[in-house]
Each structure stands twice: as C-alpha cells, then as structure tokens.
Amino acid sequence: MENKAVINKIIPFSNVDGPGNRVAIFFQGCNANCIYCHNHETINMCTTCLICVKKCPVGAITFINGKVNYDEKKCIECDTCIKICPNSSSPRTKEYTVEELFEIIQEYKLFISGITVSGGEATLRADFITELFKKVKTLGLTSFVDTNGFFNKNHLSNLIQVTDKFMVDIKAVSQIKTLCRSSLENNLENLKYLLKLDKVYEVRTVIIEEYMDIENTINVVSNILKDYPEVIYKLIRVHSSGLSQKQKQLMEKHIPSKEYVKELAGKVQKIGVKKVEYIL
Ligand code: SF4
Ligand code: SF4
C-alpha cells in the first residue's frame, strides 16, 4: 500500500515557519494536548462521529462509504465544524502521498527557501517525512521540522539525517503534565541531542502563568543555549485569539503582562543567550 499522510493544511508562502518564504505543511495528529494549543483541530484523527456533517450550513461535509468527505468548493470557511468538533479534529483534512506533496512543492520551488513540516506533531510521521525530505533536497531547498520536542530520538535517526534544522518547543521543564496533558518528558534531552548535531534553528517557549514553571524553564533553557550563539530563543506571550471557547475560559486569567515577557527576555540575555526574540 502506498505511504500516505493526513494533512490538515498547506500554507504555500509562510514567513513564520523558519527562515525566508516556506511551504508549511501541517500534519494531523499530536502526542500532546496543550491547554493553549492554537491548532487544536490538528490534535486527533477524525472519529467519524458525524456531528459536523449535520452542522455544516452549506452541506460541504458528507459521509460516504464509511468516510467523512469535505468539498472545498462548497465550503464558506465559517469554521463551525472546527468549533463544534468534540474530538479536537477537523473534517477539512486530506490524504496525500509523498509524490503528491512533492508535486505541490515543485510548483513553488522558484519562490521559496524551503519547506517546514509542522502539525500536530510532525515527527509522528517520521517515515513519510524522511521520504519527502529526500526528494525536496533534489530541488536544492532546505527542510525544517517544527516539533513539540516530545519524540523518541532512537526512532528518528533517518529523519534527523535528512533534516536541515529543527524548531523545538520547550513548553516547560517540570510542569509538562499540567500544561500538555501528556506524560512525555524527554524534551530537554532531545534538545541537547539536536544541538550537539548542529540541527537546531530555534527554540520556543510560550509563556503562560501558573500552568508552567516559567522562571525555572527560562533558566534551564538559557543555560543550555548560551553555548550555541547561532540558535534563536523565542519567548511567546500566550494569547487567546483563535482558541476554542473552552480554552479561552481556561486561559484568560493566565496571560502574562507584556512587561513581564520583556523582563524575561532581558534575563535570558543576561544569562548569555545571543539571539533572543519575543512575541507580545
Ligand atoms: S468551515 Fe466549511 S466545511 Fe466547516 S462547517 Fe463551515 S462551511 Fe462547512
Ligand atoms: S471532524 Fe470531528 S465532528 Fe466531524 S466527524 Fe470527525 S470527529 Fe466528528
């Protein structure tokens, strides 16, 4: 059977997913469930509960031959299906083979620096992405992986070999279970491993109060990154736009002040990290 992956969306020209203009490909499925996830519709595979089929105002979602089908031409992009899905999924996904994605990338090759795979958690489809990256290399483009840091590095050696750089989230150091509702905890070990291989472009921490050990996380990550002057450390102030109603209610009281995030960036710089950025 042909190797296929479920893709949530493809952004042909992204300038926030690594250096330059990039084709960003978002894989469906994640191994975490962070309380502030801004792509919550990418977390799980569709369970064909059919709730969205009944609620789509224009009949763009149908159930045929045991599968949920999505008609892009009918869709008015109201996002009702994403808002009401009880499973953090989306009917607006599509299955692609490596060859099909490669054809899309080829269309843009003259206008981009490379591609970035994201999600969901892209490393869950390491085999598929390794195949894709090998083909992308033949176009002279770079290949980046955006990851939540929760992966088993022993299963990723082929992918790491063909990846130019990783963009790694360090979401927390000691409160991962509370924040990511996941028992995974090897993110720091993975970051150190990728740094030693010179495979890291950027590390990111989203700042949210109470749900994470902010000062401890910043300290630990900065003390690792101070020895890697080329690597960016980006602090992101959590925000509530684009979140589900439930997420918004959960988070509203935990958004830090802009001043506090700037103060944290100053601390990171003082520890010795050369490239510090923040998003307020
Ligand atoms: S976003 Fe599109 S598919 Fe989803 S409910 Fe709205 S019209 Fe239907
Ligand atoms: S996308 Fe969500 S609401 Fe729609 S059928 Fe799948 S699981 Fe149900």
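Reader: How do the residues lining the largest pocket divide into nonpolar, polar and charged?
Author: They split into 17 nonpolar, twelve polar and eleven charged. Here Ala, Val, Leu, Ile, Met, Phe, Trp, Tyr, Cys and Pro count as nonpolar, Asp, Glu, Lys and Arg as charged, and the others, Gly among them, as polar.

Reader: What kind of model is this?
Author: This is a predicted model, where local features need pLDDT of at least 70 and side-chain atom pairs count only at pLDDT 80 or more, while totals for chains, interfaces and linings use all residues. Residues are numbered from 1 along each chain as its sequence is written, chains are lettered from A and ligands numbered from 1 in the order in which they are written, and side-chain values use heavy atoms, leaving out hydrogens and water.

Reader: Back to the pocket. What volume does the largest one have?
Author: About 1,100 Å³. Of its 40 lining residues, D17, H38, N39, D146 and R204 are the closest to the centre. Two or more lining residues come from each of β1 (4-14), β7 (142-147), β8 (165-169), β9 (200-207), β10 (232-237) and β11 (275-279).

Reader: And what counts as a pocket or a cavity?
Author: On a 1 Å grid over the protein atoms alone, a cavity is a set of points where a 1.4 Å probe fits but cannot get out; a pocket is an open set with protein on both sides within 12 Å along at least five of seven lines, and lining residues have an atom within 4 Å of a point. Points are joined across faces, edges and corners, and the volume is the space filled by probe spheres set on them.

Reader: What is nearest the centre of the largest cavity?
Author: C46, C49, L50, C52 and C85, out of 15 lining residues. That lining has ten nonpolar, five polar and no charged residues.

Reader: Which cavity does ligand 2 take up?
Author: The largest one. A molecule sits in a cavity if more than half of its atoms lie within 2 Å of its grid points. Among the residues around ligand 2 are C46, C49, C52 and C85, with T47, T48, N87 and S90. By class, this shell has eight nonpolar, four polar and no charged residues. A residue counts as near a molecule if one of its heavy atoms lies within 4 Å of it.

Reader: Where is ligand 1, then?
Author: In the second largest cavity. Its 14 surrounding residues include C56, C75, C78, D79 and C81 as the closest, and the shell divides into ten nonpolar, one polar and three charged. C56, I61, C75, C78 and C81 lie nearest the centre of that cavity.

Reader: Changing topic. Is T130 buried or exposed?
Author: T130 is buried, because its relative accessibility is 8%; buried means under 20%, exposed over 50%, and partly exposed in between (1.4 Å probe, protein chains only). T130 lies in helix α4 (residues 126-137), helices (H or I, at least four residues) and strands (E, at least two) being DSSP runs numbered from the N terminus.

Reader: What does T130 touch?
Author: N158, L159 and V162, leaving aside residues up to four places away in sequence. Contact means heavy atoms within 4.5 Å.

Reader: And where does T93 lie?
Author: In the loop between α2 (80-84) and β5 (94-97). T93 is partly exposed, because its relative accessible area is 23%. Not counting residues up to four places away in sequence, T93 touches V6, I7, N8 and Q28.
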